[in-house]
Amino acid sequence: MHVTQNVTQWLASHHSDGVNLQIKELLYYRTKASLLNLSLRRPAQAKLAGGYLAKTKGRGMEFDEARHYQAGDDIRAIDWRVTARTGKTHTKIYREEKERPVFVLADLSSSMHFGTQLLFKSAQVAHLTALIAWAAHKRGDRIGGLVFNQTEHKEFKPFSRQKAVLSLLNGLVKLHKPHDLQANKIPFSDACARLRRLAHPGSLVYVLSDFAHLNDAAQQHLAHLSRHCEVVAHPISDPFEHALPQSKYQQMLNLTDGQNEQQILIGEKRIATQYQTEHEQHFNNILNRLKHCRANVVPISCAISLEQQLAKRSSEKDA
């Protein structure tokens, strides 16, 4: 009862019902941008100038070194102090500053419309996309993305204005259809192929999905993407997908997706162990395939708020 009350209070405070999606619950994350660390983990590789220091030397604001003047160097960059001290002409060398657009691939397809404790996986994807978008906007990064469900997709070119964030969030609300039970007509691999075309080299790319349809083709696209971009994969899962609910007594649990029905026996140790083992192998296989793509893999639960999960992860890093 206490847990149910906490969930109800949390949903009310976040303007959410856990299943459907409203723009108001995505705007909530505007003030939570500091929860997410978007600092560089790989050297900036983009071609356009921006606010991130690159390894390459050239025009920029960050002084790197002074070296002997060479033919062709800009005379405006001569370091007169070092020249006067050494008696030989020296020039200042700076590190270039590059931009780093942020892209989000948000999977809202049919397998994502599931959740047993707090949010549907699709709703958690929308919340995390909103948090990433607001964090990127706060840093001055351009934000773009690709949102897709079982029947359609929508592309968002990267821009740095707040209008770009709102456009992405409205796209999430429009394509989030938890009661549309049509079969997937857009393969996950096709979405990855589109993302690979959209994301420019040097981008920070977030892939948010349960990866239920991660196949060889999708894995190849993600592996190719990670050669030129920093890829962060967030496998979204529900506790029910890892283990059956505990019960003191054996009883049949009815499951339905609105069209199909299935029963699972809970409270029976052998079945619970077999279920947990099979799903653990399946989930580990997904994690291993993503790591093989050189993605930074960070699992997210849809049963716990993002604030709790990110705060816990941050405290573990600081410990």
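**Notes on the predicted model**

1. From strand E4, Val102, Val104 and Ala106 point one way while Phe103, Leu105 and Asp107 point the other way, and all of them are buried. Buried stands for under 20% relative accessible area, exposed for over 50%, and partly exposed for what lies in between, with a 1.4 Å probe and protein chains only. E4 is thus listed as mostly covered, with six of its six residues buried. Helices (H or I, at least four residues) and strands (E, at least two) are DSSP runs, numbered from the N terminus.

2. The model is a predicted one, in which local features need pLDDT of at least 70 and side-chain atom pairs count only at pLDDT 80 or more, whereas totals for chains, interfaces and linings use all residues. Residues are numbered from 1 along each chain as its sequence is written, and side-chain values use heavy atoms, with hydrogens and water left out.

3. On the overall make-up, the secondary structure of the protein comes to nine helices and twelve strands, and buried residues account for 43% of its 319 residues. Among contacts (heavy atoms within 4.5 Å) between residues at least 6 apart in sequence, 73% join residues at least 24 apart.

4. Which strands pair with E4? E4 and E5 pair in the parallel sense over six bridges, and five bridges join E4 to E7, also with the strands running parallel; two strands are said to pair if DSSP finds at least two bridges between them. Within these pairings, leucine 105 stands opposite leucine 146 in E5, and phenylalanine 103 stands opposite valine 205 in E7.

5. E4, H4 and E5 together make a right-handed β-α-β unit. A crossover is called right-handed if, with the strands pointing away from the viewer, the path from the first strand over the helix to the second runs clockwise.

6. The helix of that unit, H4 (residues 121–139), contains glutamine 124, which counts as buried because its relative accessibility is 1%. Leaving aside residues up to four places away in sequence, glutamine 124 touches Leu119, Ile236, Ile300, Ser301, Cys302, Ile304, Leu306 and Gln309.

7. In helix H6, the residues Phe188, Ser189, Ala191, Cys192, Leu195 and Leu198 are buried. What covers them includes strand E4 (102–107), E5, strand E6 (153–159), strand E7 (204–209) and helix H7 (216–228).

8. How many aromatic pairs does a search of the whole structure find? The search finds five, where rings of Phe, Tyr and Trp (its six-membered ring) pair if their centres lie within 6.5 Å, and where planes under 30 degrees apart count as stacked, over 60 as edge-to-face and the rest as tilted. Tyrosine 28 and tyrosine 29 form an edge-to-face pair, at 5.2 Å centre to centre and with 90 degrees between the planes. The rings of phenylalanine 148 and phenylalanine 188 have their centres 6.4 Å apart and their planes at 45 degrees, so this pair is tilted. Because phenylalanine 148 lies in strand E5 (residues 143–148) and phenylalanine 188 in helix H6 (residues 188–198), the pair ties together parts that are 40 residues apart in sequence; both residues are buried.

9. Further aromatic features deserve a look in the viewer. Phe114, Phe240 and Tyr275 form one aromatic cluster. Arginine 161 lies over the face of phenylalanine 159, at 5.3 Å from the ring centre; a charge sits over a ring if NZ of Lys or CZ of Arg is within 6 Å of the ring centre and within 35 degrees of the ring normal.

10. On the backbone, most residues other than glycine have a negative phi. Histidine 15, however, has a phi near 60 degrees and is found in the loop between helix H1 (2–13) and helix H2 (23–27), where its 33% relative accessibility makes it partly exposed. Phenylalanine 211 has a phi near 55 degrees, also a positive value; its place is in the loop between E7 and H7, and it is buried, with a relative accessible area of 1%.

11. Finally, a search of the whole structure finds zero disulfides, a disulfide being a pair of cysteine sulfur atoms within 2.5 Å. Cysteine 229 counts as buried, at 3% relative accessibility.
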